[in-house]
Amino acid sequence: MGRRTPLFELHKELGARIVDFGGWDMPVQYHSQIEEHHAVRRGAGVFDVSHMCVVDLENSGTRALLQRLLANDVAKLKTPGKALYSCMLKEDGGVIDDLIVYYLDDSHYRLVVNAGTRDKDLSWIRRHAADFDVEVTERDELAMLAVQGPQARDKVAGLMSIPNAKLALELAVFTGRQIDAWFVARTGYTGEDGFEIMIPAAEAIHVWQKLNNEGVVSCGLGARDTLRLEAGMNLYGNDMDENTHPLECGLAWTVAFEPATRKFIGRETLDALKAEGSPRKLVGLVLEDRGVLRGHQKVIVPASPPFASGEGEVTSGTFSPTLERSIAFARVPSGTGGKVQVDIRGKLLNARVVKPPFVRNGKSMIEESK
Amino acid sequence: MSNVPADLKYTQSHEWVRGLPDGTVEIGITDHAQHALGDLVFVDVPEAGRKVTVGEACAVVESVKAASDVYSPVAGEVIAGNPDLAGKPETINEDPFGRGWLMRVRPSSTVTGLLSAKEYEAVLAEEGA
């Protein structure tokens, strides 16, 4: 038996199929994964993301610690509540995890890290925190719900008092705030508007049921995966891990190389890679033939002068319910563009290289093939 | 609970077999299998004329989540793959024992070794389905 969130019994009651995810028993789908996916693109869906780990960092050394630990720079966070997406790197540039950090005040930041990496993340953070005046607290008493979709914010606001709803609806994109016992953030992993809310575990079932009653569809990890891939968002363990660095994961934009004086862990390796150019990059693929792209399929890249032919690998692949065709991320030689082929069970199928995201706010971002 | 029609034969790997009056058999995946796979989005069926052996992977069904091989329950020659599935793979979810058939095969010898509906139900019970 894996670890369970405060919503586990409700998921079973709702007919969810439960799978192991990073050591947690989580709902992969309730009825139809495709219908759950469409509910988020067209209305609103709710996901249990309580398996993710909320960590509060407090005291005077917090900011300095984060400027050392994170490849992105928390100095960008100037308004309380503002969030930042970042990788946490090893010295050799390998990605330990990707995370969201919220700036709450000068001596209080909140991290949300992945479930599957929580133990190694916490020990890494604690090890480095020893050199700073920082207190590290896991917030296991909180449940986390992601409510996503064009109607999601209004549905959440509908559960709150009028003044609290106003505070929630005022939140700018990628910011959060404490509203009574709830921490409400305008963030997500679907490419749609919405909130992620951290609430006392004891309230979780009640809040979920009220959202269901308002027409918010229960959604599992299956739909979460197709939504995030359409949205062009990486999944730790698939698209990056400790053996890859951000510049070959499509995450160069999350590395703050300026100011050059900030010595974050992994910087020396990334500076060198940046100077010489990363030999590999992460791209989006759209399959033009019939089939489904999946992780670990081989990508064959034709020669395109001055670049020689080469090979790459699909890191995440699925059927896109919105585009009704298969899409993927693939790590390929840096010169790759145009058309490639993917080896699917011994057949070479044609795919087109595109720049993610594939879908944003319900709309296709991919030009039709000529 | 999965639907297990009494007039069909089954395999441990969740295929069903229906004997047709002309001596050929129709093959598909069970209600339990389609439910376990979830929404199907791609189906690859064998072409007419292909020779298959018992247990040979001869078709592929893919849901949003994963790809699964379908194993031939019989030896023989493929007479037809279901032509309607390429455009509408969800037919298997909607009607696994009917319109969702995968292929028709002319067996090269007497078909043996298949499970009755009762035996297949026992397999499902063992799997906790």
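Trainee: Let's start with a proline. Where is A:Pro357 found?
Mentor: A:Pro357 is in the loop between strand E19 (347–354) and strand E20 (359–360) of chain A. Keep in mind that this is a predicted model.

Trainee: And the peptide bond from A:Pro356 to A:Pro357, cis or trans?
Mentor: Cis. Omega there is near 5°.

Trainee: Which residues does the cis bond with omega of about 10° join?
Mentor: That one joins A:Pro305 and A:Pro306. A:Pro306 sits in the loop between strand E15 (298–301) and strand E16 (310–320) of chain A.

Trainee: What about A:Asp180, is phi positive or negative?
Mentor: Positive, near 50°. And A:Asp180 is not a glycine. Look for A:Asp180 in the loop between strand E10 (176–179) and strand E11 (182–185) of chain A.

Trainee: OK, zooming out. How is chain A divided?
Mentor: Into domain 1 (8–49 + 141–230) and domain 2 (279–370). Note that domain 1 is given as two segments of the chain. The centres of domain 1 and domain 2 of chain A, taken over C-alpha atoms, are 30 Å apart.

Trainee: How many residues of domain 1 of chain A are in contact with domain 2 of chain A?
Mentor: Twelve, and they meet twelve residues of domain 2 of chain A.

Trainee: Which elements give two or more residues on the domain 1 side?
Mentor: Helix H2 (33–42) and helix H8 (221–230) of chain A. H2(A) gives the most to that side, with five residues.

Trainee: Now another pair. At what angle do H3 and H4 of chain A pack?
Mentor: Helix H3 (residues 62–69) and helix H4 (residues 118–129) of chain A pack at about 120°. Their axes are 10 Å apart. That angle makes H3(A) oblique to H4(A).

Trainee: Is H3(A) passing H4(A) in a left-handed or right-handed crossing?
Mentor: Right-handed. The contact is made by A:Leu65, A:Arg68 and A:Leu69 of H3(A), with A:Ile125, A:His128 and A:Ala129 of H4(A). Those residues divide into four nonpolar, one polar and one charged.

Trainee: Switching to chain B. How many of the residues in chain B are in contact with chain A?
Mentor: Nine, and they touch twelve residues of chain A. The chain B side has five nonpolar, one polar and three charged residues.

Trainee: Last bit. What pLDDT does chain B average?
Mentor: It averages 95, and 98% of the residues of chain B score at least 70.

Trainee: And what are ipTM and pTM for the model?
Mentor: ipTM is 0.85 and pTM is 0.94.

Note on methods: Residues are numbered from 1 along each chain as its sequence is written. Chains are lettered from A and ligands numbered from 1 in the order in which they are written. This is a predicted model: local features need pLDDT of at least 70, side-chain atom pairs count only at pLDDT 80 or more; totals for chains, interfaces and linings use all residues. Two residues are in contact if their C-beta atoms, placed from the backbone, lie within 7 Å. Ala, Val, Leu, Ile, Met, Phe, Trp, Tyr, Cys and Pro count as nonpolar, Asp, Glu, Lys and Arg as charged, and the others, Gly among them, as polar. Domain bounds come from an automatic or database domain assignment. Helices (H or I, at least four residues) and strands (E, at least two) are DSSP runs, numbered from the N terminus. Axes are lines fitted to C-alpha atoms, for helices over the stretch in contact, and angles run from 0 to 180 degrees between N-to-C directions. Angles under 35 degrees count as roughly parallel, over 145 as roughly antiparallel, 65 to 115 as roughly perpendicular and the rest as oblique. A crossing is left-handed if the near helix is turned anticlockwise from the far one by less than a right angle, and right-handed if clockwise. pLDDT is the predictor's confidence in each residue, from 0 to 100.
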